[in-house]
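Me: Got a model open here. Can you walk me through some of its contacts and pockets?

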Amino acid sequence: MNAQEAIDYIENCGWSTTRLGLERTRELLHQIGDPQKRLKFIHVAGSNGKGSTCAMLDSVLRAAGYRTGLYTSPYIQTFGERMRVGGENITDEALARITEQVKGIADAMADHPSQFELVTAIAMQYFYEMQCDIVVLEVGMGGALDSTNVIDCPEVAVITNIGLEHTEYLGTTLPEIAEAKGGIIKPGCSVVCYESKPEVTETISRICREQGAALTLSSENDVIGMSASLDGQTFTWKGSAYSFPLLGAHQLRNAAVALETVAQLRKRGWHIPEPAVCEGLQTTAWPARFEVLSRAPLFILDGGHNPQCAEAMARNLQDYLPCQKVTFLMGVLADKDFDDMLRLLAPYADSFLCVTPESPRALPAAALRDRLIEKGFQAQAFDSIREGVQAGLSASTPVVAFGSLYLAGHVRTLFPTCIKKHQRTLALRARDAIPASVRKEKSAAICRKIRESAAYQNARTIMLFKAFRSEVDLSNLEQFASEDGKTVVFPYCIENHQMLALLPAGSDAWEIDHYGIRVPIPERSEVVAPEQIDLVICPCSAFDDEGHRLGMGAGYYDRFLPRCKNAVIALAAFSEQRMEHVYTDAFDVPVEVVFAG
């Protein structure tokens with residue numbers, strides 16, 4: 001069994017939500033060896049905010065030096081996000097191996113475990129194998145009958161904000177839902193609960209008294225927001241100052257719950273220094289929660305899919321984008337009450353771009369468009385999520401994508417290629433619009449600027465490129481280098497996106513490749529090791545003042561540059577190609593020097 005076969009097996013099992021209970025999970029885990037009995041836990045339940053709170057706690061505990069397990073659902077982009085150790089997804093090897101082990105037991109059970117029960121068992125075994133010091137365990141649905149509730153007494157039981165959700169399973173009133181969530185409270189554990197409506201707080205307080213568990217209420221009065229921008233927030237909690245990147249007033253309340261949980265862990269003997277708390281909060285990552293994917297153009301992603309999420313988003317739009325209308329990229333599931341979400345967000349809408357989330361429960365984009373038009377909104381439907389994202393990037397207002405976690409995952413996956421294509425198109429359009437005579441003058445000035453630089457003066461071997469179409473022409477610099485006794489090499493692209501540095505043997509060592517670019521002929525050139533190169537001048541389609549460059553899309557340079565260990569990495573471009581911010585991936589290599597004119 002490989003990782004994909006493991007995922008297919010898991011996802012082909014139903015959720016069995018109509019058969020809530022712990023018996024199947026207990027039996028499955030017992031036959032595995034009860035790994036959960038060898039672990040310590042923070043157990044987190046709630047209607048909203050539990051994922052963000054889990055992410056904060058995991059980040060703080062890792063900063064404090066603990067090996068943490070983090071169990072959350074659903075995933076945004078990849079299945080492995082659901083079970084992480086030390087901030088890293090479960091490996092493909094471990095997922096395949098443990099799933100195969102669990103499958104043999106599950107398939108032999110008279111009452112086959114559900115999908116969530118299988119995942120819970122796999123995660124428990126993985127956390128045990130990885131010798132986690134503590135596991136931050138998010139409840140799937142409810143609490144009392146959720147399969148995560150097979151654990152013994154946790155270190156801390158955490159209950160975040162509670163609202164009406166899953167009423168067909170958990171109850172139709174807030175006290176009933178609070179009763180279900182409070183099922184994770186066990187005798188002897190510490191309990192931290194977000195101070196909510198009186199009927200919720202009273203229910204949780206009663207359960208704590210019945211279980212003999214100490215309750216601490218996290219009050220929103222303890223947290224005071226100091227500043228907030230699209231870069232993050234600063235706040236004080238009980239007089240101490242913190243900052244973190246998550247956006248929204250509701251995240252301050254989640255942070256207060258996390259900090260109160262840290263305080264309870266300290267009381268139970270966990271060593272969590274204050275610098276680790278500050279560092280952990282500052283480095284918390286929790287995608288698709290009013291996440292800024294791009295600043296130019298402004299594109300925000302939110303996995304909100306219920307009225308409570310829409311209410312938080314409306315507050316965020318008011319706080320972070322005051323007096324602005326936005327373009328909503330929207331996709332919803334047919335069984336969700338999106339009318340309530342729409343009512344909350346309508347005042348901020350300029351128009352809607354409708355797409356179909358990749359789910360059998362999705363409302364088709366055309367049907368969503370028609371319903372929005374009936375309500376008086378401007379709306380368009382797109383055949384694919386990619387087309388919707390591309391349309392959003394060209395919108396005249398900021399874009400907010402929301403409506404479904406299924407949509408959020410696909411938008412986040414598609415976004416890097418979409419934004420790069422968009423920025424590349426704009427930059428090349430600006431470059432190509434420069435008159436040929438002006439390009440010639442600018443190219444000559446850039447060559448002189450490079451020749452006068454310390455990077456050039458100190459270099460013996462320089463890697464240049466031959467101009468293609470309307471790129472910067474470096475032929476003058478090539479002549480300068482010959483006069484200055486420097487070796488000039490040129491790039492040659494080969495299969496698997498690899499690049500060589502070639503030193504042509506003469507004027508007849510050149511050819512035109514299938515892209516129309518003049519390149520050295522390998523058989524008539526000497527291969528020069530990347531380590532011998534002292535200065536690399538890269539072409540680009542766009543760049544920014546932070547040294548980020550956007551290539552033509554194939555990524556040859558970004559695979560080659562890390563091998564140039566002794567080289568100064570620079571680029572040559574026209575000033576018209578400068579952008580406020582170029583979108584980059586983790587593997588993109590920034591430049592050290594920009595030669596622009």
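Reply: Start with R469. At 62% relative accessibility, R469 is exposed. Keep in mind that this is a predicted model.

Me: Which residue does R469 form a salt bridge with?
Reply: D432, with the closest N and O atoms 2.9 Å apart. D432 sits in helix α15, R469 in the loop between β18 and α18, 37 residues apart.

Me: How many salt bridges does the structure hold?
Reply: 28. One of them pairs D111 with R24, at 3.3 Å from N to O. That pair links distant parts of the chain: R24 is in helix α2, D111 in the loop between α4 and α5.

Me: How accessible is R24?
Reply: R24 is buried, at 6%. D111 is partly exposed, at 36%.

Me: Switching to α10. Which of its residues are buried?
Reply: A276, V277, G280 and L281. They lie on the same side of α10, because they cover an arc of only 125° around the axis.

Me: What do they pack against?
Reply: α3, β10, β11 and α9.

Me: Now the second largest pocket. What's its volume?
Reply: About 970 Å³. The lining has 38 residues, and M552, G553, A554, G555 and Y556 lie nearest the centre.

Me: Which elements give two or more residues to that lining?
Reply: α15, β19, β22, β26 and α19.

Me: How do the lining residues divide by type?
Reply: 21 nonpolar, six polar and eleven charged.

Note on methods. Residues are numbered from 1 along each chain as its sequence is written. This is a predicted model: local features need pLDDT of at least 70, side-chain atom pairs count only at pLDDT 80 or more; totals for chains, interfaces and linings use all residues. Side-chain values use heavy atoms; hydrogens and water are left out. Buried means under 20% relative accessible area, exposed over 50%, partly exposed in between (1.4 Å probe, protein chains only). Helices (H or I, at least four residues) and strands (E, at least two) are DSSP runs, numbered from the N terminus. The arc is that of the directions from the helix axis to the C-beta atoms. Contact means heavy atoms within 4.5 Å. On a 1 Å grid over the protein atoms alone, a cavity is a set of points where a 1.4 Å probe fits but cannot get out, and a pocket is an open set with protein on both sides within 12 Å along at least five of seven lines; lining residues have an atom within 4 Å of a point. Grid points are joined across faces, edges and corners, and a volume is the space filled by probe spheres set on the points. Ala, Val, Leu, Ile, Met, Phe, Trp, Tyr, Cys and Pro count as nonpolar, Asp, Glu, Lys and Arg as charged, and the others, Gly among them, as polar. A salt bridge is a side-chain nitrogen of Lys or Arg within 4 Å of a carboxyl oxygen of Asp or Glu.
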